[in-house]
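Have a look at the sequence and the coordinates, then read on.

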Amino acid sequence: MENHPAAKISDSELEVMRVLWDAGRPLSITEIRETLQARMGWESTTIKTLVQRLCNKGALAQQKQRYFIYTPLVSREEYNEWATGDLIRRLYRGSAKN
């Protein structure tokens, strides 16, 4: 499960993923940036870096149209399932009974 792209998503990158999940459709970097600047106050360069990292990790797909659009390759459900399992592994040594 550690090879799953969800395992590689940092907290900051998760904010980018949330923007895409909430939109429910592919977004341009401009749309992602506008949302995150309003929500988080982040600079444009920070957002571009996070998006590129997610593409490199296999969590986002980048498609060229008139401009680049980004689509999540990890669903919110997949991420939540991974995060729950990771929490159980870290806190309870892999057993929810503990």
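A polar contact here is a pair of N or O atoms within 3.5 Å; within protein, one must be able to donate a hydrogen and the other to accept it, and residues adjacent in sequence count only if both atoms are side-chain atoms.

| Atoms of E13 | Partner | Distance |
|---|---|---|
| side chain of E13 | side chain of K57 | 2.7 Å |

E13 sits in helix α1 (residues 11-23); helices are DSSP runs of H or I with at least four residues, strands runs of E with at least two, numbered from the N terminus. Its relative accessibility is 1%, so E13 counts as buried (under 20% relative accessible area, with exposed meaning over 50%, partly exposed in between, for a 1.4 Å probe and protein chains only). Leaving aside residues up to four places away in sequence, E13 touches K8, L50, R53, L54 and K57, where contact means heavy atoms within 4.5 Å.

Now to helix α3 (residues 44-57). The buried residues of α3 are I47, L50, V51, L54 and C55. They lie on the same side of α3, because they cover an arc of only 140° around the axis, taken from the directions from the helix axis to the C-beta atoms. These buried residues pack against α1, α2 (29-40), β2 and β3. The face turned away from them carries the exposed T45 and N56. Just after α3, G58 has a positive phi of about 85°.

Residues are numbered from 1 along each chain as its sequence is written. The model is predicted, so local features need pLDDT of at least 70 and side-chain atom pairs 80 or more, while totals for chains, interfaces and linings use all residues, and side-chain values use heavy atoms, without hydrogens and water.
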